[in-house]
Amino acid sequence: MPEITSYDQLPLVLTVQDVARVLKLGVGMVYELLRSGELPSRRIGARGQFRVTRSDLIRYIEGESFAG
């Protein structure tokens, strides 16, 4: 993924690796955010791979709460 300079450049759905690059975090830290629910995600496919929507990532970056 090339360097992101605006939200419009983000794909609609991001992998864990994409999220790590955008947030400049390690993949392990991203998994912690996903497992804790601090950053919402969906599990897809037979292997249950994490995916994060662009809108959820933007809300996380902007500090909005996901408590429900």
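In this predicted model, the side chains of Arg42 and Asp56 meet in a salt bridge, with N and O 2.6 Å apart. The two residues belong to separate elements: Arg42 lies in strand β2 (residues 42-44), Asp56 in helix α3 (residues 54-61). The pair therefore ties together parts that are 14 residues apart in sequence. Arg42 has a relative accessible area of 43% and is partly exposed. Asp56 is at 8%. Because the cut-off for burial is under 20%, Asp56 counts as buried.

A salt bridge also links Asp18 and Arg21. The closest N and O atoms of this pair are 3.4 Å apart, within the 4 Å limit. Both residues sit in helix α1 (residues 16-23). They are three residues apart, so about one helical turn separates them. Asp18 is buried, at 13% relative accessibility. Arg21 is partly exposed, at 44%.

Arg59 and Glu64 form a further salt bridge. Here the closest N and O atoms lie 3.5 Å apart. Arg59 shows 30% relative accessibility and counts as partly exposed. Glu64, at 39%, is likewise partly exposed.

The count of salt bridges comes to three. Side chains of opposite charge can pair when their charged atoms come close. The Arg42 pair joins strand β2 to helix α3, whereas the Asp18 pair lies in helix α1.

Technical notes
Residues are numbered from 1 along each chain as its sequence is written. This is a predicted model: local features need pLDDT of at least 70, side-chain atom pairs count only at pLDDT 80 or more; totals for chains, interfaces and linings use all residues. Side-chain values use heavy atoms; hydrogens and water are left out. Helices (H or I, at least four residues) and strands (E, at least two) are DSSP runs, numbered from the N terminus. Buried means under 20% relative accessible area, exposed over 50%, partly exposed in between (1.4 Å probe, protein chains only).
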